[in-house]
Amino acid sequence: MRQHVNPLSTFFQEVRELPKPDDLFENSDLPICIDIGCAKGKFLMDYAFLDSKNNYLGLDIRQKMIDRAENERVERCLNNLRFLFCNVNVSLPPWIKSLKNGQLGKVLIQFPDPWFKKRHNKRRVLQAPILDVLASKMNSGAEFFIQSDVLDVMNSMIDVLDLNKYFDPSSSKKQKLIKSNPYNISTERELYALQNGLHIYKALYIRNSFGL
Ligand SMILES: C[S@@+](CC[C@H](N)C(=O)[O-])C[C@H]1O[C@@H](n2cnc3c(N)ncnc32)[C@H](O)[C@@H]1O
């Protein structure tokens with residue numbers, strides 16, 4: 001079992017300036033889909049290969065994984081995809097704020113690190129401030145997809161999303177859950193969960209028209 005990286009450690013508080021979309025993608029006018037905590041990036045490489053109508057950005061706090069993913073992306077000539085190393089809670093907000101309104105087409109958080117202990121819950125990646133910044137640049141109808149095999153993690157993400165003004169709250173947590181993966185490509189953790197018979201919770205939120 002790998003040791004999780006503590007995103008609140010001093011080292012990960014330094015803001016990394018992320019390259020602008022013009023410097024990342026061949027056609028920077030396309031909507032951007034962000035995979036937060038992409039790890040080895042296999043899911044995103046398959047997704048970007050099948051869909052040239054969007055740009056894809058995979059982010060992870062583990063630099064070695066991102067370096068390997070970036071090398072593989074270059075070998076596969078995927079010019080609508082980039083992988084960047086950063087602590088998303090620290091370095092992503094300024095980058096997102098520089099985007100045009102509606103430029104963010106999709107956000108995915110799949111099997112985030114669970115941080116089971118109550119005192120560690122604040123290390124979980126989906127927190128209200130970053131969600132607010134992300135949602136502010138999503139277009140009406142844009143998708144925010146979350147999945148986890150840990151019910152407590154899933155419920156904490158649903159709580160954050162339900163409180164956000166850019167998404168309509170569900171009357172019950174159960175109502176938000178969907179049965180199958182809307183993208184028909186599994187992440188590595190998803191494959192592990194499926195192979196080991198773990199229950200997977202999935203929910204798809206749609207950005208409302210607030211502020212647009
Ligand atoms: C359990 S793995 C899931 C990987 C992949 N999404 C999957 O489903 O197979 C969670 C990933 O999120 C990354 N991560 C955790 N906190 C992060 C943060 N604050 N910023 C960026 N990445 C983070 C971890 O390094 C790890 O690779």
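Helix α8 (188–195) contributes the most to the shell around the ligand, with three residues. Helices and strands here are DSSP runs, numbered from the N terminus; a helix is H or I over at least four residues, and a strand is E over at least two. The model is predicted, so local features need pLDDT of at least 70 and side-chain atom pairs count only at pLDDT 80 or more, while totals for chains, interfaces and linings use all residues. Residues are numbered from 1 along each chain as its sequence is written.

The ligand has 21 residues around it, and G37, A39, I61, T187 and R189 come nearest. A residue is near a molecule or strand if its C-beta atom, placed from the backbone, lies within 6 Å of it. Two or more residues of the shell come from each of β2 (55–60), α4 (88–97) and α8. By class, the shell holds ten nonpolar, five polar and six charged residues. Nonpolar covers Ala, Val, Leu, Ile, Met, Phe, Trp, Tyr, Cys and Pro; charged covers Asp, Glu, Lys and Arg; the others, Gly among them, are polar.

Helix α4 also meets helix α5 (residues 128–136). Their axes come within 9 Å and cross at roughly 25°. That makes α4 roughly parallel to α5. Axes are lines fitted to C-alpha atoms, for helices over the stretch in contact, and angles run from 0 to 180 degrees between N-to-C directions. Angles under 35 degrees count as roughly parallel, over 145 as roughly antiparallel, 65 to 115 as roughly perpendicular and the rest as oblique. The crossing of α4 and α5 is left-handed, a term for a near helix turned anticlockwise from the far one by less than a right angle; clockwise is right-handed.

On the α4 side, the contact is made by V88, N89, L92, P93, I96 and K97. On the α5 side, I130, V133 and L134 take part. Contact requires C-beta atoms, placed from the backbone, within 7 Å. The residues of this contact divide into seven nonpolar, one polar and one charged. The buried residues of α4 are V88, N89, S91, L92, W95 and I96. They pack against β1 (32–36), β2 and α5. Buried means 20 or more other C-beta atoms within 10 Å of the residue's own, exposed means 12 or fewer, and partly exposed lies in between, with C-beta atoms placed from the backbone.

Most residues other than glycine have a negative phi. A39, which is not a glycine, has a positive phi of about 50°. A39 is found in the loop between β1 and α2 (42–50). A39 is buried because 20 other C-beta atoms lie within 10 Å. C77 has a positive phi near 55°. This cysteine lies in the loop between α3 (63–75) and β3 (81–85). C77 counts as exposed, with 8 C-beta neighbours inside 10 Å.

D51 sits in the loop between α2 and β2. D51 is partly exposed, with 14 other C-beta atoms within 10 Å. D51 and N80 are 29 residues apart along the chain, and their C-alpha atoms are separated by 8.9 Å. H120 belongs to the loop between β4 (104–110) and α5. H120 is partly exposed, with 14 other C-beta atoms within 10 Å. H120 and F167 are 47 residues apart in sequence and 26 Å apart in space, C-alpha to C-alpha.

Conventions: Contact = placed C-beta atoms within 7 Å.
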